[in-house]
2 protein chains.
Amino acid sequence: MHMLVSDTSIETSELITSIKAWPSMNTQRVKKIAAQSIDGERRPVTAHDVAKLAGVSQSAVSRTFTKGASVSDETRQKVTRAAKELGYRPNFLARSLITGRSKIIGVTIPGLSNQFYSAALDSLSTIFSEAGYRIMLFSTMPDETSDPILEEVLRYRVDALVLVSSSLSSHFADECQQIGLPVVLLNRKTNSKIASSVTGDNRNGAKAIGAFLVAGGHQRLAYIAGLESSSTSRDREKGFSSYLAAKGFAAPMRAVGNYSYESAAAATRELLSRKAPPDAIFCANDYMALAAINVARSEFNLTVGHNISIVGFDDTELAAWPTFSLTTYSQPIRTMVDRVVRIVIDTLLNKEMPSIQEVVPGQLVVRESARIPAIGMKLIDGVRIWSSV
Amino acid sequence: MHMLVSDTSIETSELITSIKAWPSMNTQRVKKIAAQSIDGERRPVTAHDVAKLAGVSQSAVSRTFTKGASVSDETRQKVTRAAKELGYRPNFLARSLITGRSKIIGVTIPGLSNQFYSAALDSLSTIFSEAGYRIMLFSTMPDETSDPILEEVLRYRVDALVLVSSSLSSHFADECQQIGLPVVLLNRKTNSKIASSVTGDNRNGAKAIGAFLVAGGHQRLAYIAGLESSSTSRDREKGFSSYLAAKGFAAPMRAVGNYSYESAAAATRELLSRKAPPDAIFCANDYMALAAINVARSEFNLTVGHNISIVGFDDTELAAWPTFSLTTYSQPIRTMVDRVVRIVIDTLLNKEMPSIQEVVPGQLVVRESARIPAIGMKLIDGVRIWSSV
DNA sequence: GTGAAAGCGCTAACAG
DNA sequence: CTGTTAGCGCTTTCAC
């Protein structure tokens, strides 16, 4: 199909000549390269091509692009020049085949509507990128075993797996351990001793919120839970309820918001329609708290912070918007992601590292969505914080 | 370093025996496999291993995992069984080395704070995933030539590049064309004939907003621009201004919000502080419109929709929240992403396809953040739409 | 410091 | 349909 024509361009004939002069070059390859110039079917430029142009061995080219390899300045010069001229880019996929490291991190996230997730992804991308890793994104369904997706991830030979707000089946955990793949959960815990995890301080945060609401004189407390299957929501509920119990309060009312806007809105509706509605609602995360605020205002004509107190968890960007001014316990996402990256890299360097469960403390950021107690307020770095005592 | 010891486990000895029986197996490999069982340094299982266990050739294994290859049911059975037993997963990276297709799509996004971006990414991930592609994420700085990042992307041999809300340097466009890499811009246009693009209907949307505000009886109009360098913001401004000019209105006031929250808030502040402040502000996107609403309410005590009209562009999830109830021209992100994916796949199948610039129409979704004209309202599928006769 | 050669795990002709 | 063979583009001993 491909034919060598006589009136090829100058560059082409030069190429062919130089190739013919190359002893180890087989005819098949020559044809290919000739064909390239004829029908425009461009073959990506390889280290071989660069080597040829630079008049060095292919390994010299490789060394030039491999940090920590020893090449003379002269060779490096020649190679670099040739590479630029040809527009050469090392093929990372080929590299990873031999090094056994893809420099790719698999990240799963259950959608991005919740700002906490998008902020997490943003940080993950940025910080991993600084460390020389790229992120391959996998969307999952919330509250669903993502094993089939994870199965996919592994085929790409990711160097590590970061699961944001989703749990790890024990089956899959074993699988990962077997192949020596580091797994880190972000914003969710695991009882498997295989994966590491980084979470906010769910127990103490929820406890602080309980104390804050009690100190504010609230009488009828409620909790809007996230996904029942989520360790995060359970921990927050536990922290909240156990504090209340310890202080002699009745168990809080309860509704389930599943971490979704609609579901949380419905939960709020239900709570506020009761004969004795709550005077304070603690939502398992900011996203649901914002839904609650929307519903309380638009459907129940309540003035949030006066007739009703609403508190969230996360301190996402939206919480600080004046329109919401949400009081919430913060999860310092940037710090948390820093920890995740650190754990991943450490594990990659030292395979024998035990898994660790890290808890990153936050603070109760006070704004105006909930009545403010008379005492306990502090101003730290310009943000209003509350703490008991 | 590795030594063959005599008391290896049963599995190990069996393995070694079977390997020795394998003629083309070199001793190096035998040592490696033996070593694996000794020091626990697990070598990922390969098609070779599966072939051995199944008693077939390695290509038979490959074929069973390559769709469209012909394998007898019997062979497939044997292979599948062996693969499962060993926990075999084909190495996509190795595959792409030979097929020349990585099944990876590079996606760049300028941060995820703006919900439009996160929604776009979400859709991209979902829809590409359904088509068998994975997304590699690259965060970029807004309004910055992302060439260095793109340089990185190419090293991973992505099959295509999707740039969300960022422009393509002509230098890089050439580069991409040379290597035959499809590039699609989402939410931004390009004058280069190399890349394709999918955008909302910026001109007509902005025009409709102009008409809507005029019909609502507004007198002093203002525009808050996005990044000056963005085609999107320029097109919207042009549509807006030219409509006003055609109707004999003065040119709208103008401030720059750079698509960022803080910057848009500052722009709003500036506009509303003027001696003759605007009675209607059209913001180049929803994110800035929300900033404007926050500022108008909290700092100027205005009742949005009464004292002041604020209109956005995108119709993101937040726009529909009762607290904002933002009137905005919609960009059907799902449809837009569908188009992007379609273009990418078509181009991948047919390299000679010309680049195309697609415009996806939206509609003016009317809520309560702007005064509503006496005529022109329609109810379509439960949403309130406005259009000039 | 440098080139030759082996091979990472896989697919794709090619004979049978 | 099946096994054999030849690489995909790269890194890494190993001699020199």
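In the predicted model, chain B contains an open sheet of 8 strands with mixed pairing, arranged in the order β7-β6-β8-β9-β10-β12-β14-β13.

Helix α10 (residues 202-215) of chain B lies across β6 (221-225), β8 (280-283), β9 (309-314), β10, β12 and β14 (383-386) of chain B, and runs at about 165° to β9(B). Helix α13 (residues 286-300) of chain B also packs on the sheet, where β6, β8, β9 and β10 of chain B are touched. The direction of α13(B) makes about 160° with that of β9(B).

Between the chains, 42 residues of chain A are in contact with 42 residues of chain B. On the side of chain A that touches chain B, at least two residues each are supplied by α6 (92-99), α7 (115-130), β2 (134-139), α8 (147-155), α9 (170-178) and α13 (286-300) of chain A. The largest share, 6 residues, is provided by α7(A). The composition of this side of chain A by class is 17 nonpolar, 16 polar and 9 charged residues.

Strand pairing also links the two chains: β2(A) and β2 (residues 134-139) of chain B pair in the antiparallel sense over 3 bridges. In this pairing, A:L137 has B:I135 of β2(B) as its bridge partner.

Key:
Residues are numbered from 1 along each chain as its sequence is written. Chains are lettered from A and ligands numbered from 1 in the order in which they are written. This is a predicted model: local features need pLDDT of at least 70, side-chain atom pairs count only at pLDDT 80 or more; totals for chains, interfaces and linings use all residues. Two residues are in contact if their C-beta atoms, placed from the backbone, lie within 7 Å. Helices (H or I, at least four residues) and strands (E, at least two) are DSSP runs, numbered from the N terminus. Ala, Val, Leu, Ile, Met, Phe, Trp, Tyr, Cys and Pro count as nonpolar, Asp, Glu, Lys and Arg as charged, and the others, Gly among them, as polar. Two strands pair if DSSP finds at least two bridges between them. Axes are lines fitted to C-alpha atoms, for helices over the stretch in contact, and angles run from 0 to 180 degrees between N-to-C directions.
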